[in-house]
Amino acid sequence: GKQWYQRRVRGTCRSALKLAALSAFLVICLQIHISVNRPWYQFKLMRLQMMIILQTLLSFGSYYLYRTYKISPVWKKMIVISIVLTHFSFFAQYMFVSDNPSILAMIPFLASSCHIYLFIGTLCGDIGTFLFIPFTLKISVSYQKFKMNSVPICAIILMIWSYINTILPPQHSTVHVPIKGLGTQFERLHIMHLSDIHVGPTTGKVFVDWLVEEVNKHDPDMVFITGDLVDSSVKNLRNAVWNLKNLKSKYGTFYVTGNHEYYTNDVDNWLNYLRDHLGVVTLHNQHHVITQGNASICIAGIDDPQAEKMSYPDHAPQPVQAAAGCPANTPVIMLAHQPKAAKLSIKTLPRVDLVLSGHTHGGQFFPIHLPVWLTNPYFAGLYSVSQDTHVFVSRGLRFYGAPMRFLSFPEYVSVYLHVKPE
């Protein structure tokens, strides 16, 4: 009854505080070392720091779930297996990277998906129980049995549903944007916007080959890739992305970095490989002018803000540098992976007509939508920031980590530019 729940909450909180204190101490020590060491060593320490933070957060949930289900002979063993696989998933993303996804990577990530839904369901059930206790001062045995069995079953169903959403073909969306001063030669210019492909342990060559074929069917004038293309090094994934060189468009394929390129610690090699071997125009705080007759468009691109946080040499979002040299009175299209970088570009530059971003995955799965919406200036879809400035945020093509898409469907987007009437 009520006293049992109070003891359980007190015990869980004491254990959580001890673990949090230890983790905070380790993270602070690592942060001191990060600030005084070479970039390569900084990256290794940051990865260790990230592992400690993630494993600590997972440990809170794991301990809570184990304490809840250890009395259930049906679910106890399955919960323990799920917990072990979930904690292993962090290491799987580095150990099992090849041209196509490995089942050794997929199983831990699927377990982590189930783990997340089980935690959310159990927490909601306990909150409901706490609200129910003051009125009855006891909990019926039948209710406890119902909750103990229904929550894990619902978590498994949601895991399967979310996974199916990731293996179904992404939807093709269409957006129309009026651009002030756009030359009539560029009326209905077709941009194919791709974002958050996340080639790595759970996405590989088969998906990239399908995507290239699908994009070419739509015959775009240009292709934009707005970051988070890869989750590992060139050495591991060069063959997986090789077919990107076969993307066909009138003006070419353009690319900017996302935060995950910096997590690979191989971003400069990626920029060189994409440019020199796959024929992609890499916009490293740079721009490219497209001309048709007497009309032109300036395509600018900036680095991801994560580069600054990681003190990555010669990398940081520099909108002024990226747009410097764009012809006067020419529409400017900015590629910026994060919506925060999109906001920075609009705030910094005198003219930005359209910013194309990704990063948010549209929340990826419920209930993560809310924190993602709260922490980004633009969440998903088309925004009219002012009369002449627009931002479009793609929900992305794939996912990161657990293969989950729930109430946020993946997409690749045809953006059509139109002459805005005077």
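## Salt bridges, a bent helix and a surface patch

Asp209 and Lys205 form a salt bridge, with 2.8 Å between the closest N and O atoms. The term requires a side-chain nitrogen of Lys or Arg within 4 Å of a carboxyl oxygen of Asp or Glu. Because the two residues lie four apart in helix α6 (residues 205-217), about one helical turn separates them.

This is a predicted model: local features need pLDDT of at least 70, side-chain atom pairs count only at pLDDT 80 or more, and totals for chains, interfaces and linings use all residues. Residues are numbered from 1 along each chain as its sequence is written, and side-chain values use heavy atoms, without hydrogens and water.

**Salt bridges.** The whole structure holds seven salt bridges.

| Pair | N to O distance |
|---|---|
| Asp209 and Lys205 | 2.8 Å |
| Asp276 and Arg275 | 3.2 Å |
| Asp388 and Lys180 | 3.8 Å |

Asp276 is exposed at 52% relative accessibility. Arg275 is partly exposed at 39%. Here buried means under 20% relative accessible area, exposed over 50%, and partly exposed in between (1.4 Å probe, protein chains only). Salt bridges with shared partners join Lys180, Asp388 and Lys420 into one network.

**Helix α3.** Helices are DSSP runs of H or I with at least four residues, strands are E runs of at least two, and both are numbered from the N terminus. α3 has 20 residues and spans 28 Å from first to last C-alpha, close to the 28 Å expected at 1.5 Å a residue. That expectation is 1.5 Å times one less than the number of residues. The helix bends by about 45° at Ser89. A bend is the angle between axes fitted to the seven residues ending at a residue and the seven starting there. Ser89 is buried, as are Ile79 and Phe90, among others in α3.

**Nonpolar patch.** Met50, Phe91, Tyr94 and Met95 form a nonpolar surface patch with about 360 Å² of accessible area together. Patch residues have over 30% relative accessible area and no salt bridge; nonpolar side chains (Val, Leu, Ile, Met, Phe, Trp, Tyr) are joined within 5 Å, like charges within 9 Å. Areas come from the Shrake-Rupley method with a 1.4 Å probe; for residues, only the protein chains shown count as cover. Helix α3 (residues 76-95) gives the most, three residues. Met95 is exposed at 53%.

**Whole chain.** The protein chain has 13 helices and twelve strands. Of its 422 residues, 52% are buried.
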